[in-house]
Amino acid sequence: MAQAIILRDGRVAQFREAQNSDEDVLKLQELFASASDESRYFRFFRVVREVRPSDIRLMLRSDGWDQFTLLCMSEDRAIGVGTYSKSGNETAEVAFFVGDEDQGRGIGTLLLEHLAAVAFEYGFRKFEASVLEENHRMQRVFLSSGYEVAAKSDASMVRMELPLYQTERTRSLADLREKHAVAASLRPFLEPSAIAVIGASRRAESLGQMLFRHIVQGRFTGTVYPVNKEAASVAAVRAYKRVSEIPEAVQLAIIIVPSDEVEGVVEDCLHAGIHAVIVVSSGFAERDPVGVRLQTKLLRRMREFGCRMLGPNSLGVVATSPRFQLNASLAPRLPLQGKLAMASQSGALGIAILEYATRTGVGIASFVSTGNRADISSNDLLQYWEDDPDARIIALYLETFGNPRTFSRIARRVTRRKPIIAVKSARSSTSMQVSDMNRTALLADDFVVDALFRQTGIIRVDTLPELFDVAALLGASPLPAGRRVAVVTNSAGGAVMAVDAIVKFGLEFVGPVLDLGSDALANGYASVLPAVFADPLVDAILVVFIPVGVSEQNEVLDAIAVATNNAKVLGINKPVIANFLVTADSMVHVERTGSESLPVYPFPEQAARALAHFVDYASYLKKPVGRVPDLPNLDVELARKLAQPPVTDPKAGPTCLVQSRAVELLVALGMPMRGVNHRAGRGQPTAGSARLHATVDPLFGPVIRLLQVGMAAGMSLSSWHDQDEDAWVLPTGREPCIRLAPLTDADCDAMMDAAFGANLDTANRELLFEILLRLSRLMDEVHTVADVVLTVHLAGEDESGFVDERGAVISVRAVNQAAWSYRVLEGEES
């Protein structure tokens, strides 16, 4: 099982478990033989001229329980190896070796991270390592890993111990390393100095020549080379028959040839040392099973050579920054420069998106068509754009998810710095059937998708026009302090529609409407707006105007701009949006007047909806960053043992634990049970109940649902249990609340607010808070658990709340331990 990993310099390598085979023995012999005497001395603590095959075979005995060896491969050669060997009950000795020419690329650190993840799954809780005192490079690998390293010096040896428990520091450092490596790997796609277009044709109407001309005409400051095996020139530029014949080092290759020729072209690119390839050609996984196999083979070959791929079936990339402009796409012209960075799975739709961005005035900072997402995905692009100074807003058009767990982890971090707007299409099984992704992706549960977006602070919209409605406001306005909106208008009818829209989308109207009268023009707005800006009860201003002519419209825009600028001088920053009721078109327009930009909407409903999204995002930013708190009396190791399935075949279905074993498992988790882990009495619960359901979604991983349920007056507990689940009573207006594990403390608060509102006292809030966190830890760390249903009886006046053992249902199933620890990196959209 090979996994792609991205090194510090942006190049791609592969990790795979070593096999006790002649092939792997030979690869490690070559690795050790190519190293310096000093490197071998540091690894084996003695002068070693040649590492014997018998010694190598001892390293290759890899089962996970007693030993595990991980190879780092590049271009079919081993460039690094890491091994852990059992040295105690929960302790393993770890050692690494990286080839001389590949040191400094972060391989040792990545080997340590991955070996730690595997070892943890096999029950190890501590690594030990012996490092020669003069081996400062290896000491730095351990000390900079983020683990709490304890080091002791003994003569010429340094003895190191690393607890394998993940902490905020280890996670944040690993995330930082990953982000920098991913950004380095994507730089050749968006900032290349030399491009080869393979498939550029002499025919002016061909896609190859169109793309070539778009690069040339798009003010690209580097060099672009057409590659055509038959033509001497393309568009009056000398052509080359093969990429390998180009006299300059090429950073980016764009392939636009028939699908059955792509494999040969890729081989030429790889041997020419190119590490970034865009495959525009279609006919791969989006077409049929044969295309799926061809795409898989293509990706595997690229990864062997450390190459990254965008596509197949990609429209290309666009960048509009003044420091670097590029139109390596099928869009006919470079879009208007703006603050919006956008990724789209749909290639053809991308052309319309770029044109729409220009017409609205929102503009584009960069655009990437991900196509089939065989390698580069929205997860990678989020990490690239996170530190991109030109990308102030990020937009995603998604049809499917590849790895939502990775997406969730990255998006939580990015949305704290930049807003992310997402359109999730293919929301039904019918629309999924017509998507290009229908052969390679699972249909996502739309309720879970919505939970993912809410949990990560992503602004979810339903349509592309709505996306630009929101982007226009995000790019032009300061964050609102609250939900209170004032309306200034010259139309009573327009005011009525505006107030209806404000209330409809959950905003608060601040009355009265400031109606200037139908004959009011710029002077009327200029006289009123300063007072509205200064009103401390107003958080945002909606200006409604019915213009008589173009000149009046421009004068009102100027008046709004002057009032906004004057307010800023006084230290008042409030978003202003406008609704000019004209009949020109139905899209938002960003109007620029002096130093101010004002989003102008054709209808009040569009303006209010966009503002509501903006307010929700501002509210999200005010909430504390969630963390996963440590919990006392939680024995994960015992829980793992109790959750072992009776059937060991991973292909077998889930098995329900017997009631006594389920109760033992809940006690091991520290759950408050009646008479166990808490001070509950024996009274009858009267304060209502909550139901928790945790399951493993095939696409999203562990998902936790919380809903408030009630008991009819006078109903006994046993009678309540006998009810069919469909007969459970949900209080009016309450819906089940969904979140993805692992839950943070902020997630738990949000779930309780959504399920109970204000109808939850402090004692019950603390009770559910603890139960949610413990359930999340179970689902996230005990991977054999498939499904959990818990009933929580809330505390009353004389009774503490508790988890009812009679309502606990826990199902388990067998998993492949090593495969689970590698689940995040394997497959599409890693």
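Modeller: Two strands are taken to pair if DSSP finds at least two bridges between them. The model discussed here is a predicted one.

Biologist: Which strands stand at the edges of the open sheet, each with a single partner strand?
Modeller: The open sheet has 5 strands in the order S10-S9-S13-S14-S15, and its pairing is parallel. Two of its strands have a single partner strand each, so one side of each is left without a neighbour in the sheet. These edge strands are S10 and S15 (308–310).

Biologist: What angle does the direction of H8 make with that of S13?
Modeller: From one strand of this sheet to the next, the twist averages 20°. H8 packs on the sheet and touches S9, S13 and S14. Between the directions of H8 and S13 the angle is about 170°.

Biologist: Is Asp268 buried or exposed?
Modeller: Asp268 is a residue of helix H8 (residues 259–271). Beyond its neighbours within four places in sequence, Asp268 contacts Arg242, Val243 and Ser244. The cut-off for a buried residue is under 20% relative accessible area. With a relative accessible area of 10%, Asp268 is therefore buried.

Biologist: Which strands do the buried residues of H7 pack against?
Modeller: Helix H7 comprises residues 207–217, and its buried residues are Gly208, Gln209, Leu211, Phe212, His214 and Ile215. After H7 comes Arg219, which has a positive phi near 65°. The strands against which the buried residues of H7 pack are S9 (194–198), S10 (223–227), S11 (233–234), S12 (237–238), S13 (252–255) and S17 (324–329).

Biologist: Which are the edge strands of the open sheet that 7 strands form?
Modeller: The order of the 7 strands is S17-S16-S19-S18-S20-S21-S22, with mixed pairing. Neighbouring strands in this sheet are turned by 20° against each other on average, if direction is ignored. Pairing on one side only identifies the edge strands, S17 and S22 (459–461).

Biologist: Which residue in S20 does Ala343 stand opposite?
Modeller: Strand S18 (residues 337–344) has 6 of its 8 residues buried, so it is largely enclosed by the rest of the structure. S18 runs parallel to strand S20 (residues 393–398), and 5 bridges join the two. In S20, the residue opposite Ala343 is Leu396.

Biologist: What handedness has the β-α-β unit that S18, H10 and S19 make?
Modeller: S18 pairs with strand S19 (residues 364–369) in the parallel sense over 5 bridges. One of the bridged pairs is Ser344 with Ser369 of S19. Together with helix H10 (residues 347–360), S18 and S19 make a β-α-β unit that is right-handed.

Biologist: How are H6 and H11 oriented to each other, roughly parallel or roughly perpendicular?
Modeller: Helix H6 (residues 168–190) packs with helix H11 (residues 378–386), the axes being 8 Å apart and the angle about 95°. The residues of this contact divide into 6 nonpolar, 1 polar and 6 charged; among them, Asp175, Glu178 and Lys179 belong to H6, and Asp380, Leu381 and Gln383 to H11. Angles of 65 to 115 degrees count as roughly perpendicular. H6 and H11 are therefore roughly perpendicular.

Biologist: How far apart in space are Val532 and Ala763, C-alpha to C-alpha?
Modeller: Val532 lies in helix H17 (residues 522–534) and counts as buried at 6% relative accessibility. Residues up to four places away in sequence aside, Val532 touches Ala486, Val488, Leu514, Val538, Ile541 and Lys574. Ala763 is 231 residues from Val532 in sequence, and their C-alpha to C-alpha separation in space is 43 Å.

Key
Residues numbered from 1 in each chain as written. Predicted model: local features only at pLDDT ≥ 70, side-chain atom pairs only at ≥ 80, totals over all residues. Heavy atoms only, no water. Buried < 20%, exposed > 50% of the residue type's maximum accessible area, 1.4 Å probe, protein only. Helix = DSSP H or I, 4+ residues; strand = E, 2+ residues; numbered from the N terminus. Contact = heavy atoms within 4.5 Å. Axes fitted to C-alpha atoms, helices over the stretch in contact; angles between N-to-C directions. Parallel < 35°, antiparallel > 145°, perpendicular 65-115°, else oblique. Nonpolar A, V, L, I, M, F, W, Y, C, P; charged D, E, K, R; others polar. Right-handed = clockwise from strand over helix to strand, strands pointing away.
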